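Good morning, and thank you for making time on the agenda.

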Amino acid sequence: TGKPVCSGVAFGPVFVFSREESTIKRHHIESSDDEIARFESARQQTISELAMLYDKALAEVGEANAMIFQIHQMMLDDLDYIESIKNIITDQLINAETAVAQTCDNFVQMFRAMDDPYMRERSADVKDVSERLIKILSGKDKDGLVTDEPVIIISDDLAPSETVQFDKSKILAFVTEGGSTNSHTSILARMMNIPAMIGAKGVLSADANGKNAIVDGFTGTIYIDPDEATINEMTKKKEEIDKSQWNGIAVYVDHVDGEIHPVTYELIGKARELASKINHPVYALFMGNNLSDKAEELLHYGVDKVFVYDFPELARFKIESYTSVFEDFIKKHQPCAILTGATTVGRQLAPRVAARMKTGLTADCTILEMDENTDLSQIRPAFGGNIMAHILTPNNRPQMATVRYKVMNAPERTEETHGEI
């Protein structure tokens, strides 16, 4: 057992991921200038590799989570880091690999001594960057995932670069002996919707490589060579609803000729609040014609991604075409919950979409709260306001709700934007 970081149930063979032990041999050099030049060449190559990793992560897990690889590039431009390596080479007349390793150890100790848990986790980033640099200096190939079939990966820990470099189609789950919920790998696993658990002490000594296993990402449990009863139990659990596959709180952008209805901003504010409780992104679904200049405005209110469907056929609201666009968005991006304004368009569109997706819809909600298991608590007045109905749809996704104008609070507009279109 361990600590769950991304829910879901995965069945499959185990692949124990281990790195080649890199023994760094310290040796004397004749010219510090030549060695520093060799270091600089490897540093630039490492920066180029990290730029490619950023592009890959950007496509798979979004800008916010891809930023780690820009931070890694910044580490390689850090003057303290660079000067430490160059000074060790010059003062001790030793090879660059040893100088990088010594600097890495010093920086790791510094970060681990910090009080802030998030800053302590950055020691793993220093180690990841330094090991990549050392491999390039040594001319060694990077460790990778070699398998023809999807597998459950077990490792002592995984660096962010290792997580992103894996072929997502070949990964069923992550299980690590180390790590923490603040680590970038845990965050990336959640964004990639891959069942994951950390702190599984002793799992590497279980001789599991190649054996069949089940990972229960809800409880943080791995079953190696499970018996029939466990297989049946976990199969039933997986079939109920794999909530881990539904990620993000989406808001339908209600507008007339691109002029956005203010209820949209109120729902974005509520979506941000709900998403923060489960570490999900906030999406905005914007459909119509000639919307490019209007979509930018939504990024000033904290939306992580704006999905724009811009076609002449969508210039005017038509129930069938708008429902089809909504269906396409849901099937491609699988948002956990969708909020729609209870406007003239919203009252027609939301029920049709809910029926198309065979999910529940709560109309005219006055209170929305998010549970840790990603179930949306939807509360609305009933029987003339004499009672408050509390509605849950735990076995269906997406969860859908409509909200009237002026029920929620809109966030403040910021000058900066941080999302993407």
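A residue is called buried here when its relative accessible area is under 20%, and exposed when that area is over 50%. Please also keep in mind that this is a predicted model.

Let me apply that cut-off to Val5, which is found in strand β1, residues 3–6. Val5 has a relative accessible area of 8%, and because buried means under 20%, Val5 counts as buried. Val5 and Val175 are 170 residues apart in sequence, yet their C-alpha atoms are 9.9 Å apart in space.

The next residue is Ile47, in helix α1, which covers residues 32–61. Is Ile47 buried or exposed? Its relative accessibility is 14%, so Ile47 counts as buried. Setting aside residues up to four places away in sequence, Ile47 touches Gln73, Leu76 and Asp77.

Thr230 sits in helix α8, residues 228–240. With a relative accessible area of 13%, Thr230 is buried as well. Beyond residues up to four places away in sequence, Thr230 touches Ile214 and Tyr223.

I turn now to helix α9, residues 262–278. This helix has 17 residues and reaches 26 Å from its first C-alpha to its last, close to the 24 Å expected at 1.5 Å a residue. How many of the residues of α9 are buried? The count is 12 of 17, which leaves α9 mostly covered. Among the buried residues are Val263, Leu267, Ile268 and Leu274, and the list also includes Glu266 and Lys270. Just after α9, Asn279 takes a positive phi of about 60°.

What does α9 lie across? The helix lies across β8 (249–252), β11 (282–288), β13 and β18, and runs at about 175° to β8. Those strands belong to an open sheet of 6 strands, in the order β12-β11-β8-β13-β18-β14, with parallel pairing. The edge strands are β12 (305–310) and β14 (361–362), each of which pairs on one side only. As a reminder, the strands of a sheet pair through backbone hydrogen bonds, either parallel or antiparallel.

Where Gly341 is concerned, the bridge partner in β18 is Val403.

A further helix, α11, residues 319–333, lies across β8, β11, β12 and β13. Its direction is at about 150° to β11.

Finally, consider Gln378, placed in strand β16, residues 376–382. Gln378 has a relative accessible area of 1%, and is therefore buried. Which side chain makes a polar contact with the side chain of Gln378? The partner is the side chain of Thr362, at 3.0 Å. Thr362 is also on the list of residues in contact with Gln378, which leaves aside neighbours within four places in sequence.

Key
Residues numbered from 1 in each chain as written. Predicted model: local features only at pLDDT ≥ 70, side-chain atom pairs only at ≥ 80, totals over all residues. Heavy atoms only, no water. Helix = DSSP H or I, 4+ residues; strand = E, 2+ residues; numbered from the N terminus. Expected span 1.5 Å × (residues − 1). Buried < 20%, exposed > 50% of the residue type's maximum accessible area, 1.4 Å probe, protein only. Pairing = 2+ DSSP bridges. Contact = heavy atoms within 4.5 Å. Axes fitted to C-alpha atoms, helices over the stretch in contact; angles between N-to-C directions. Polar contact = N/O pair within 3.5 Å; in protein donor to acceptor, adjacent residues only side chain to side chain.
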